Amino acid sequence: MSKKEVEDYVQEGIYGTPETKPGERRRYLGTLRERIVLVLTKSQVMQKKGMAELENEMRSYDRATLLLNGKISYRFRKPYSRLARKCSVHTKSVSDQQKETEIGAVLTVDYPLEKEEIKVDTGTSAKKKKTKQQKGMRGLLKKLFKPVK
């Protein structure tokens, strides 16, 4: 064996097999962005928002896997596990993350999809747009000239 092969072998023994895009894998519960069908945040999972969209996508992709964040309490994950069982989708709880993520559930497949929109919109973006509009000149004038009660 050449010196480079030996060094690679030793590095792999110490640090494990090198993986592609480790930051992306940590964020999306161990999978890559290009393989994701749908993503739910922790708050959406806890409030049971996006279940209808998730069910539709589960029915569309027969060989999908539902990855659930293991740091979320079981009582919040249970309805999603039941839904996955009902749709014949494999479920996996991922709790060995080294870094904190805001992702609560990921519906993923084994092949690349290149899907443009993966997040479920539950109305929070409408609130953000409204506050952004008020930050302009109009928002400043409203803030300066508040009616006195």
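Predicted model: local features only at pLDDT ≥ 70, side-chain atom pairs only at ≥ 80, totals over all residues.
## Overall layout

Let's start with the big picture. The chain holds seven helices and four strands. Read from the N terminus, the order of these elements is α-α-β-α-α-β-α-β-β-α-α. Of the 149 residues in the chain, 32% are buried.

## Strand β4 and its partners

Six of its six residues are buried, so β4 is mostly covered. Two other strands pair with β4. Strand β1 (residues 36-41) runs antiparallel to β4, and five bridges join the two. Strand β2 (residues 65-69) also pairs with β4 in the antiparallel sense, here over four bridges.

Ile36 has Thr108 as its bridge partner in β4, while Leu40 stands opposite Ala105 in β4. Ala105 is also the bridge partner of Leu68. If you click on Ala105, then, you can look for Leu40 and for Leu68. Strand β1 is mostly covered as well, with five of its six residues buried.

Val94 has a relative accessibility of 10%, which is why it counts as buried; the cut-off for buried is under 20%. Along the chain, Val94 and Asn69 are 25 residues apart, yet their C-alpha atoms are separated by 5.3 Å. Strand β2 covers residues 65-69, so a look at Asn69 takes you back to the pairing described above.

## Charge on the surface

Now to the outside of the model. Lys48, Lys78, Arg82 and Arg85 gather on the surface in a patch of positive charge. One of these residues, Arg85, lies in helix α5, which is made up of residues 74-86. Arg85 counts as exposed because its relative accessibility is 61%, and the cut-off for exposed is over 50%. Lys48, another member of the patch, sits in the loop between α3 (42-46) and α4 (51-60).

There is a patch of negative charge on the surface too, formed by Glu53, Glu114, Glu116, Glu117 and Asp121.

## Two residues with positive phi

Two backbone angles deserve a quick look. Leu29 is not a glycine, but its phi is positive, at about 55 degrees. Leu29 is located in the loop between α2 (22-27) and β1. Because its relative accessibility is 3%, Leu29 counts as buried.

Lys48, which you met in the positive patch, has a positive phi as well: about 60 degrees, although Lys48 is not a glycine. Like Leu29, which lies in a loop, Lys48 lies in a loop, here between α3 and α4.

How values were computed
Residues numbered from 1 in each chain as written. Heavy atoms only, no water. Patch = residues over 30% accessible without salt bridge, like charges linked within 9 Å, V, L, I, M, F, W, Y side chains within 5 Å. Areas by Shrake-Rupley, 256 points an atom, 1.4 Å probe, with all protein chains shown as cover. Salt bridge = Lys/Arg side-chain N within 4 Å of Asp/Glu carboxyl O. Lys, Arg positive; Asp, Glu negative; His and termini not counted. Charge placed at Lys NZ, Arg CZ, Asp CG, Glu CD. Buried < 20%, exposed > 50% of the residue type's maximum accessible area, 1.4 Å probe, protein only. Pairing = 2+ DSSP bridges.
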